[in-house]
Amino acid sequence: MSRKWKQINKFVEVFAGALQASRLLDADPSARDGKRPVRVVDFGSGKGYLTFAVHDHLCQLPGITPAVTGVELRPDMVRLGNAVVEKL
């Protein structure tokens, strides 16, 4: 499990760097609430470890409204991910 934890943390670190380098965090003057929407789609999300990690990271950033969607075709993984979402 420690390898998976390291993988998730490294992914979030890389994602955070790419996000900072992009213009996605710039203020959106047209937003009614002043928050910029940031949408992420994770195709082939599997158990959703990285999907949930990205969502958690984005929720901690001020000035944005995150929307993270995991897309998975395997029914067992979809059920697992949906169960986690309902629980949390």
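The model you are looking at is predicted.

**Exercise 1.** Find out what the buried residues of helix H2 pack against.

*Solution.* Start with the partners: helix H1 (2–21), strand S1 (36–43) and strand S2 (64–71) are packed against by the buried residues of H2. Next, name those residues. Within H2, which spans residues 49–59, the buried ones are Thr51, Ala53, Val54, His57 and Leu58. Now look down the axis of H2: its buried residues fall within an arc of 165°, so they line one face of the helix.

**Exercise 2.** Work out which residues make up the largest nonpolar core, and which elements supply them.

*Solution.* First, list the 8 residues: Phe15, Leu19, Val38, Val40, Val54, Leu58, Ile64 and Val68. Then sort them by element: at least two residues of this core come from each of H1, S1, H2 and S2. Finally, zoom in on Val38. Leaving out residues up to four places away in sequence, Val38 touches Leu24, Leu58, Ile64, Thr65, Pro66 and Ala67.

**Exercise 3.** Describe the largest pocket and its lining.

*Solution.* Begin with the space: the largest pocket holds about 360 Å³. It is lined by 17 residues, and Thr51, Phe52, Gly70, Gly81 and Val85 are the closest to its centre. Next, ask where the lining comes from. H2, S2 and helix H3 (75–87) each give at least two residues, with the largest share, 5 residues, coming from H3. Last, sort the lining by type: 6 residues are nonpolar, 9 polar and 2 charged.

Note on methods
Residues are numbered from 1 along each chain as its sequence is written. This is a predicted model: local features need pLDDT of at least 70, side-chain atom pairs count only at pLDDT 80 or more; totals for chains, interfaces and linings use all residues. Side-chain values use heavy atoms; hydrogens and water are left out. Buried means under 20% relative accessible area, exposed over 50%, partly exposed in between (1.4 Å probe, protein chains only). Helices (H or I, at least four residues) and strands (E, at least two) are DSSP runs, numbered from the N terminus. The arc is that of the directions from the helix axis to the C-beta atoms. Contact means heavy atoms within 4.5 Å. A nonpolar core is a set of buried Ala, Val, Leu, Ile, Met, Phe, Trp, Tyr and Cys residues joined through side-chain atoms within 4.5 Å. On a 1 Å grid over the protein atoms alone, a cavity is a set of points where a 1.4 Å probe fits but cannot get out, and a pocket is an open set with protein on both sides within 12 Å along at least five of seven lines; lining residues have an atom within 4 Å of a point. Grid points are joined across faces, edges and corners, and a volume is the space filled by probe spheres set on the points. Ala, Val, Leu, Ile, Met, Phe, Trp, Tyr, Cys and Pro count as nonpolar, Asp, Glu, Lys and Arg as charged, and the others, Gly among them, as polar.
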